Amino acid sequence: MKTSVILNGRNVVTATTAAPTWLIIGFWVSIAISVAVVVRRLVAIAHPSQTVPAQMAALDAAFASHSALTLAHIVPATAFVLLIPFVFLRRTGSAWAERLLFPLGAVVGVTAYAMSAYSVGGWIERSAVLLFNSLFLFSLARAYVYMRRGEHLLKRNWMTRAVAILLGIATTRPVMGIFFATSRWTHLEPRQFFGIAFWIGFSINTVAVELWLHSKERRSQAQGTAIRPRMQL
C-alpha cells in the first residue's frame with residue numbers, strides 16, 4: 001500500500017508513503033471478516049441451522065426470504081473484496097483486477113440500494129446504507145474518471161475511499177457482536193441496534209481513511225518540498 005507520482009510543475013517526484021501498521025492490520029482483518037460473513041450467509045441460505053440462537057435464526061430467515069437478491073449482492077461483493085489485495089499490494093500486473101473492480105462495485109452498489117428495502121434495522125439502517133453506499137458509488141465513479149484521464153494518484157485516492165467504505169460492512173460486525181453480547185442486559189433486539197451498528201461501522205472506516213489520506217498528502221507535500229531545491233540545482 002504505497003503511493004507515488006507527486007507532480008511538481010513539469011518535474012515528477014516519486015515518493016513512497018508506506019501505510020501505517022494499524023491500517024494494514026485493519027485492511028486484512030476487514031477482508032477476513034467480509035469473506036467469513038459471506039461464507040456463513042451462503043451456508044445459512046443453503047442449509048438453515050436449527051441450533052443457532054433465536055435472534056440469529058430470525059436474521060437468517062429474513063435474508064433467506066429474499067435469497068436471490070442477497071446472492072446478487074454478496075457474491076459480487078466477495079469478488080470485489082478478493083480482488084482488492086491484487087490492486088493495492090502489487091505495483092504491476094494488476095490492471096486486470098482494477099478494471100474488474102468498477103463493474104463489480106457498480107453491481108454491489110445497485111443491489112445494496114435494493115437490499116435496503118429489507119433493512120433489519122428499519123430507517124436508521126436504511127439511512128446509513130443510502131448515505132454510505134452513495135459515497136461508495138461516488139468514490140468509485142471519481143476513481144474511474146481519473147483512471148480514464150491518466151491521473152493515477154487521484155484515481156488511487158478515490159479508489160482507496162471506495163474500498164474503505166465497502167469494507168465498512170466488516171467493521172459493523174464487531175459492533176453488532178457487542179450489541180448481541182450485551183443484549184441480555186440492554187434487552188435490545190437486532191431491529192433496534194442494526195441501524196446504530198451500521199452508522200458506527202461505516203463512519204469509523206470513512207473517517208479513518210480520510211484522516212489517513214489527508215495525513216499522507218501532507219507528508220507527500222513535505223517530502224516534495226524537501227526534494228524540490230535539490231532538483232533545481
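This is a predicted model: local features need pLDDT of at least 70, side-chain atom pairs count only at pLDDT 80 or more; totals for chains, interfaces and linings use all residues.
I take helices (H or I, at least four residues) as DSSP runs, numbered from the N terminus. Residues are numbered from 1 along each chain as its sequence is written, and side-chain values use heavy atoms, with hydrogens and water left out.

I looked up Ile124 and placed it in helix H5; at 44% relative accessibility, Ile124 counts as partly exposed, a class between buried (under 20% relative accessible area) and exposed (over 50%), with a 1.4 Å probe and protein chains only. Ile124 belongs to a nonpolar patch on the surface, together with Leu131, Leu135, Ile196, Trp199, Ile200 and Ile204, and the accessible area of these residues together is about 540 Å². H5 (122-149) and H9 (190-231) each supply at least two residues of this patch, and H9 gives the most, with 4 residues.

Entry on Ser116. I found Ser116 in the loop between helix H4 (95-115) and H5, where Ser116 is buried, with a relative accessible area of 7%. A polar atom of the Ser116 side chain lies 2.5 Å from the backbone oxygen of Tyr113. Leaving aside residues up to four places away in sequence, I noted that Ser116 touches Arg126, Val129 and Leu130, where contact means heavy atoms within 4.5 Å.

Entry on helix H2. I listed Leu59, Asp60 and Phe63 as the buried residues of H2 (residues 54-64). They lie on the same side of H2, because they cover an arc of only 100° around the axis, taken from the directions from the helix axis to the C-beta atoms.

Methods: Patches are made of residues with over 30% relative accessible area and no salt bridge: like charges are joined within 9 Å, nonpolar side chains (Val, Leu, Ile, Met, Phe, Trp, Tyr) within 5 Å. Accessible areas come from the Shrake-Rupley method with a 1.4 Å probe; for residues, only the protein chains shown count as cover. A salt bridge is a side-chain nitrogen of Lys or Arg within 4 Å of a carboxyl oxygen of Asp or Glu. A polar contact is a pair of N or O atoms within 3.5 Å; within protein, one must be able to donate a hydrogen and the other to accept it, and residues adjacent in sequence count only if both atoms are side-chain atoms.
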